[in-house]
Each structure stands twice: as C-alpha cells, then as structure tokens.
Amino acid sequence: MNIVLSRRQLRRPLLNICRSCSRQLLHRQTRSYANISSPQPDIYDVVCVGGGPAGLSLLTALRSNPTTAGLRVALVEAQDLRKTRTWKLPPDRFSNRCSSLTPASAQFLDKIGAWSHVKRERVQPYHEMQVWDGVTDARIEFEWAPAATGGKTIAYMNENLNLTSGLLRRLDELGNVEVFDGAKVEGITFGEETEDLDLREWPVVQLAGGKKLAARLLVGADGANSPVRAFAGIESKGWDYERHGIVATLELEGQGWGGDATKIAYQRFLPTGPVAMLPLPGNLSTLVWSTTPSNAALLKRLSPKDFVALVNAAFRLSPVDLAFMHTQASGQEDELLWRLQHTRFDHQAVPQTVVGVQDGTVASFPLKLRHADTYIGERVVLVGDAAHSIHPLAGQGLNQGQGDVESLSRTIEYAVAHGQDIGARMSLEPYNSERYGPNHVLLGVCDKLHKVYSVGSGPLVPLRSLGLNVINALGPVKNFFMGQAAGNGIKLF
C-alpha cells in the first residue's frame with residue numbers, strides 16, 4: 001500500500017516533534033515563505049546516501065517487496081557506479097577487499113533476489129575454522145561435516161565488488177530507482193516552507209550542481225564518517241586501536257589440506273594482533289593481518305618474496321622470532337628458511353605454504369571501534385558503518401550491516417502496511433530496538449578479544465588458553481559458538 005500525501009497534508013506541522021513545536025512558536029507571529037522562484041527539491045519517500053553493500057541491499061529489499069515497491073526511492077553515491085556495474089577480473093585474479101558472508105546474510109540476499117546476480121564462481125564457501133593462541137598454541141577447531149556429505153557451511157568468502165556489482169544488477173532489473181552517482185553531497189539541511197509545501201522538518205540533500213532531494217526518510221549508509229549522522233546530530237563514540245589491517249591476495253602451493261570439499265579458514269592470535277587466512281577459489285586465499293602501524297609499513301615496503309616469507313612465518317614461528325623478522329629491512333626469505341630448520345610444528349595444523357602474492361593487492365587500513373549513540377532520528381536512520389565500526393577479527397562487519405538492512409526493511413514494510421509515516425521516530429523505533437543491543441554486544445566481544453590476546457605474558461595467558469581448550473572439548477558449547485558465527489544461532493536479544 002502506498003501512502004501519498006496531498007499538498008495540504010505536507011504543509012501540516014509535525015506536532016509530535018519537540019523541534020517542530022519550538023519552531024512553530026518561533027514562527028507563529030512572523031511566518032514567511034521561501035522565494036518561490038528558488039529551485040524546489042524533488043520529493044522522495046526514501047533517499048539513501050551511500051552505494052555500498054548496506055545501501056544497495058536496502059534499496060533492493062524495498063524494491064523487491066510488493067508492500068514497499070511503490071515508494072519513491074533515490075540513491076546518492078559519490079563514486080561512478082558504471083565502473084562497479086561493469087566490474088570484471090580474470091578468473092585467477094581476485095580483489096584484496098573480501099568479506100565473510102554468513103549463511104544468514106546469504107539467505108537474505110537470496111530472498112531479495114540479489115544472490116543469483118553475484119558471480120558464484122568467485123564465491124568460496126568454507127566449512128572449518130582453525131583458531132589458536134600464538135603464544136601457547138591452545139587451539140579451538142570449528143568444523144562441520146564436509147559439504148560433499150551434506151554438511152554445513154560456516155561462511156562464504158566473497159569480494160566486496162562482486163557483491164555490490166550483483167546488487168546493482170538486481171536493482172537495474174527491478175527498476176524505478178533514481179540513481180545519482182558521481183554526485184558530491186554539498187550539504188544536508190532542513191527544507192523550507194513555501195505557499196505549496198512545508199518541508200521545514202524534512203531533510204533536504206543538496207548535490208553539487210544545485211540538485212536538491214527532499215526525503216521523507218533519509219538513510220545514512222555513508223560510512224564511518226557519515227555526513228548523514230553529522231546532520232542528525234548523532235554522536236559516535238569509540239577509539240582507535242593503533243593497529244592497521246593488512247590485506248592481500250595470496251597464492252598457495254595447493255588448494256588446501258581438505259581440497260575443494262573442505263575449505264578451511266585459519267586465524268592465529270599474536271600479541272601484535274590476529275592474522276587470518278581465508279580461502280578463495282582454487283589455490284588462492286585472502287589475508288587479513290592486524291598489526292602495528294610500523295609493522296604494516298614494513299610489510300607494504302617488502303619485496304614479494306620477503307612479504308610471502310613473513311606471512312608464512314606469522315603462522316609458524318614464535319612471536320619472538322616473528323618480532324625479530326620485523327626488524328629486518330629485507331632478507332626475510334632467507335631468515336625464515338633458517339629458522340624453520342629449528343622450529344617444530346604440525347604442517348597440517350597451519351595453512352599450506354604461501355608461494356606468491358598477487359601484484360597490487362597489498363594494502364592497509366586503520367582499525368577502530370565506533371558506535372553511534374542511536375541509529376535513528378526524526379526522518380533519519382543509520383545502517384552499516386555509519387552506525388558502527390568493528391574490529392575485523394570476527395569477520396562480522398559486513399554481516400552486521402546486512403542484519404541492519406534486513407531489520408530496517410521489515411520496519412519500513414510494517415509502517416507502510418499500517419499507514420504509518422515511515423520517517424517518524426516512532427515508526428523507526430522497532431529497528432533501533434532490534435539492532436542496537438546485539439550490535440553493541442558483538443562490538444564489545446570483539447574489543448575484549450583483541451585486548452585479551454594483545455597480552456604476551458602474565459597470568460592472563462594461561463587463563464585464556466584454558467578457556468579455548470575447555471570450549472574445544474565441550475561439543476555443545478562449541479556448536480553454539482559455530483551457530484552464532486554462521487548467523488544461524490539462537491537469538492540472544
């Protein structure tokens with residue numbers, strides 16, 4: 001059911017908002033109208049700022065649902081989306097920006113019709129996770145039965161560009177979305193009152209070139225430095241980790257110890273931060289290594305052979321040996337060969353040996369934790385990184401955003417079906433209530449894990465190792481954590 005307001009209804013003041021009440025009192029005696037010759041904004045039900053996975057998924061969900069398909073929606077994105085639509089790499093080349101998609105996220109993408117538009121030959125499911133303490137070697141093994149025998153997938157590794165290009169293809173298929181790409185947002189203000197319309201409580205997005213978009217509901221899917229969040233006056237609290245994430249696309253000597261039937265993800269917690277290797281199709285893997293800024297700078301300077309040597313060392317050598325190798329300007333390849341002669345380890349308990357790194361894929365980004373005070377305001381809502389930024393150690397950042405979008409699309413659907421104003425805070429409250437608590441808990445858990453495993457010595461080290469060993473030995477407890485990691489576990493909130 002579509003809600004269409006007449007011009008007279010649009011002019012009515014919104015009495016349930018304190019800001020509105022105060023403005024009415026201020027303007028009651030001296031009401032004036034905007035110059036009718038000034039450009040009037042185009043009016044939309046939903047304007048989404050940000051064309052990443054969260055923003056595209058939301059618009060796809062709204063357009064694919066018969067209840068919300070009649071809403072007039074617009075997308076504003078600073079990048080040129082033509083490049084994303086036509087994105088293509090050779091079969092043996094992979095982007096360095098990959099994310100882990102839980103089965104729950106994949107099911108949502110399938111529900112809105114986007115999963116079939118993702119290039120599935122570039123998506124790699126994995127069925128087992130090996131996680132261990134780099135100081136004590138205490139280990140936990142998350143493993144389902146092999147997929148070939150009807151087992152379960154823990155998650156899917158997928159390039160971010162593969163997902164966004166698939167979402168764009170689905171949006172193009174659905175149609176009726178006004179897309180303003182390559183468009184810089186010059187400002188967001190409240191609208192004005194004219195003789196025909198009263199938009200004083202509606203956000204108006206002004207684009208470079210003079211285009212204006214008035215939104216019944218303005219969605220901020222515009223990243224950690226969200227202009228939409230700033231406009232709404234919503235504070236975001238947190239801290240920087242003083243760590244950088246190194247990413248790269250790696251080539252292994254084989255297709256993994258389990259072959260294609262059982263792909264394995266590996267993560268080792270080092271005092272400087274966790275290092276993870278996650279499977280891609282064939283003999284490729286994606287690296288996510290959280291480390292100090294100085295170590296990250298060294299890794300980016302190294303020759304390919306020395307970079308590969310340090311990656312192999314990160315999964316095999318002691319933290320002391322690894323720290324020494326980070327003091328060398330070069331020569332890590334020879335150093336690793338010598339040290340491996342004096343280091344014992346189970347070859348099949350670590351990833352297969354890395355033999356190469358794809359050109360141009362080594363990059364870094366700073367790690368931080370941020371959480372907005374709320375996800376909603378009057379006619380404003382935040383999703384994805386605009387609402388929260390998480391440490392990548394659990395691989396849950398993209399999944400949090402997809403969870404936000406799924407919840408928000410349900411909230412908007414309910415509001416439309418029941419004749420509510422989709423931009424009213426009261427209509428948006430179910431979304432905030434459903435997502436804020438679980439996101440806050442997950443942010444806190446990842447933050448505490450980072451801090452606990454950053455300790456290299458002292459009484460905390462044996463205690464954390466005991467915890468890992470106990471969980472690994474208790475099947476039901478371990479299955480509970482596996483279900484949570486896959487997004488299919490019992491809802492705790």
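W132 stands opposite R268 in strand 13. This is a predicted model, in which local features need pLDDT of at least 70 and side-chain atom pairs count only at pLDDT 80 or more, while totals for chains, interfaces and linings use all residues. Residues are numbered from 1 along each chain as its sequence is written, and side-chain values use heavy atoms, with hydrogens and water left out.

**Strand 5**

- Strand 5 (residues 128-133) and strand 13 (residues 264-270) pair in the parallel sense over six bridges; helices (H or I, at least four residues) and strands (E, at least two) are DSSP runs numbered from the N terminus, and two strands pair if DSSP finds at least two bridges between them.
- Six of the six residues of strand 5 are buried, where buried means under 20% relative accessible area, exposed over 50%, and partly exposed in between (1.4 Å probe, protein chains only).
- In a regular strand the side chains alternate between the two faces of the sheet.
- Both faces of strand 5 are covered, with E128, Q130 and W132 buried on one side and M129, V131 and D133 buried on the other.

**Helix 9**

- Helix 9 spans residues 304-314 and is mostly covered, with nine of its 11 residues buried.
- The buried residues of helix 9 are D306, F307, V308, A309, L310, V311, N312, A313 and A314.

**Salt bridges**

- The whole structure holds 21 salt bridges, each a side-chain nitrogen of Lys or Arg within 4 Å of a carboxyl oxygen of Asp or Glu.
- One of them joins the side chains of D45 and R216 at 3.1 Å, N to O.
- This pair links distant parts of the chain, since D45 lies in strand 1 (residues 42-49) and R216 in strand 11 (residues 212-220), 171 residues apart.
- D45 is buried at a relative accessible area of 10%, and R216 also counts as buried, at 10% relative accessibility.
- A salt bridge also connects the side chains of E173 and R170, at 2.4 Å, N to O.
- Both E173 and R170 belong to helix 6 (residues 160-174), where they are three residues apart, about one turn of the helix.
- An α-helix has 3.6 residues a turn, so residues three or four places apart point the same way.
- R170 is buried, with a relative accessible area of 13%.
- R200 and D198 form a salt bridge through their side chains (2.9 Å, N to O), and both residues are buried.
- Salt bridges that share partners join E193, D198 and R200 into one network.
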